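Hi,

Here is the model I promised to pass on.

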Amino acid sequence: MHSPAAQQLSLPKNKIRILLLEGISQTAVDYLNEQGYGEVTLLKKALEGEALKEALKGVHMVGIRSRTQLTRDVIQSADRLMAIGCFCIGTNQVDLNAARMAAIPVFNAPYSNTRSVAELVMGEVVMLLRRIPSRSQQCHNGGWNKSADNAWEVRGKTIGIVGYGSIGSQLSVLAEAFGLRVIYYDTVPCLPHGNAVAVSSLHELLGQSDIVTLHVPQTPETNNLIGEAEIRAMKPNSILINNARGNVVDVDALAAALKDGHLMGAAVDVFPVEPKSAQEKFVTPLQGLENVLLTPHIGGSTIEAQERIGVEVARKFVDYSDVGSTLGAVNFPEVQLAERPGGMRFMHVHVNRPGTMRQINDIFAKAACNVTAQFLQTDGEIGYVVVEAEAHADQDKAKVEQTVLEQLRNLEGTLRTRLIRAVASRG
Ligand SMILES: NC(=O)c1ccc[n+]([C@@H]2O[C@H](COP(=O)([O-])OP(=O)(O)OC[C@H]3O[C@@H](n4cnc5c(N)ncnc54)[C@H](O)[C@@H]3O)[C@@H](O)[C@H]2O)c1
């Protein structure tokens, strides 16, 4: 099995063509340039169909956001593609399996917008406790309601964080600085930050919290995690915030609890059904309800997050291209590698079948070069092995490299072979 890309040899950095679509942050271009990658094209728009296929000709790495669809057809028509970067969190715009079987790792930036979400939650807590949505609306309409009824300070209240991962734990620190008592519930044991206290069940958290905020991933277990029973288990006059994923909350049950006054307010950024574009009308049972903040899935959308995403994914491109590291790939065996001071480093991606490693080792044995390290990861369907080797002093190094590459490339089941040359230390 030989993809066109399997024919590719290691290229000097200035020959590696990188195409960035959809107005990816300039920080990505700057980082790539700093690392010696000068052939970077940045386009503002998304591409599709034939225009996308045409633009990908001769491109080694492509960066997209959520609009560009990298289907099986597009991936298979790309003649040089060796890495895909999703400069966002989601990767379902890419056919991950087609990319994997073409030996193309797909990278994304899952943690660059942690802070943005945590800050938004804090803003929402203040706004909802002070009933700002309706107060602001009244002022816009010429009203002047100065009443302190049902307007509260944040200090001294209890916030219950469901999911104490990147965002939940960052929020914990901010919340405590605001004077909130922090409790949290996670399915795995997590070290508390500051004075936060773990509780042993979701229902315990719901019964104690004045504000419940959700920071769990989208999984079958979190589908409708907060349904009718959970909402009714929340304290009367409490607040629910969902900036996680739309299917985590039963929005009909939430709307009912807001209408009958069981809950004081809610902030919701993510919905079970979200418009695919700005042209599509957005509909939710939460529209028009008092003390409800609705936002269009913008929890992580800030300039700073975009800048960080630019660097985070560009760095993954460089790590893969310079040293062969696939750490952070979402569809590929993950191999973490350090920079290599000297010698030869070969990478080989193959269909995972018994006997391949023996054949690879035979190639190095026959070439009489000394294998100094070997890194192997498999994911069921494919295997990714990186072999470091040194030629003997009396051997012609270039010839050894060429021979080994040739033989690796000809191995049955090979998806990609590459020689990674030594790189100068990177900053
Ligand atoms: N609104 C936005 O724009 C936006 C931006 C970024 C992230 N998010 C979403 O925020 C959520 C959290 O992101 P993160 O980066 O903190 O993820 P993370 O993986 O770092 O943390 C998630 C935590 O949830 C825990 N968890 C999983 N299932 C659970 C359950 N049933 N009950 C309790 N805890 C559970 C995990 O153990 C983990 O600690 C994700 O759904 C992510 O998609 C939304």
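Before the details, one term: a residue is buried when its relative accessible area is under 20%, exposed when over 50%, and partly exposed in between, using a 1.4 Å probe and protein chains only. By that rule S116, with a relative accessible area of 9%, is buried.

Some housekeeping: this is a predicted model, where local features need pLDDT of at least 70 and side-chain atom pairs count only at pLDDT 80 or more, while totals for chains, interfaces and linings use all residues. Residues are numbered from 1 along each chain as its sequence is written, and side-chain values use heavy atoms, with hydrogens and water left out.

**Overall picture**

The protein has 13 helices and 16 strands. These elements are DSSP runs numbered from the N terminus, with helices being H or I of at least four residues and strands E of at least two. The C-alpha trace spans about 90 × 45 × 35 Å along its principal axes. Of the 427 residues, 50% count as buried. The accessible surface comes to about 19,700 Å², and 52% of that belongs to carbon and sulfur atoms; areas come from the Shrake-Rupley method with a 1.4 Å probe, and for residues only the protein chains shown count as cover. As for contacts (heavy atoms within 4.5 Å), take those with a separation of 6 or more: residues 24 or more positions apart account for 66% of them.

**Back to S116**

S116 sits in helix α5 (residues 114-129). Its side chain makes a polar contact with the side chain of T302, at 2.8 Å. A polar contact here is a pair of N or O atoms within 3.5 Å; within protein, one must be able to donate a hydrogen and the other to accept it, and residues adjacent in sequence count only if both atoms are side-chain atoms. Leaving aside neighbours within four places in sequence, S116 touches G299, G300, T302, A305 and R308.

**Aromatic pairs**

There are six aromatic pairs in the structure. The rule covers rings of Phe, Tyr and Trp (its six-membered ring) with centres within 6.5 Å, and calls planes under 30 degrees apart stacked, over 60 edge-to-face and the rest tilted. F87 and F317 have ring centres 6.1 Å apart and planes at 70°, so that pair is edge-to-face. It links distant parts of the chain, 230 residues apart: F87 is in the loop between β4 (83-86) and α4 (96-101), and F317 is in helix α11 (residues 303-323). F87 is buried at 2% relative accessibility, and F317 is buried at 0%.

Y164 and Y184 are stacked, because their ring centres are 3.6 Å apart and their planes are at 10°. Y164 is in the loop between β6 (158-162) and α7 (166-177) and Y184 in strand β7 (residues 181-185), so this pair ties together parts 20 residues apart in sequence. Y164 is buried at 4% relative accessibility, as is Y184 at 2%.

**The five-stranded sheet**

An open sheet of five strands runs in the order β2-β1-β3-β4-β5, with parallel pairing. Strands pair if DSSP finds at least two bridges between them. β2 (40-42) and β5 (106-107) stand at the edges with a single partner strand each, so one side of each has no neighbour in the sheet. Three bridges join β1 (residues 18-20) to β2, with L19 opposite T41. Four bridges pair β3 (residues 61-64) with β4, and I64 stands opposite C86. In β4, A83 and G85 point one way and I84 and C86 the other, and all are buried.

**Helix α10**

In α10 (residues 251-259), the buried residues include V251, L254 and L258. The buried residues of this helix pack against α9 (228-233), β10 (238-242), β11 (263-268) and β12 (292-294). D250 caps the N-terminal end, with a side-chain oxygen 3.0 Å from the backbone nitrogen of D252. Just after the helix, G261 takes a positive phi of about 85°.

Cheers
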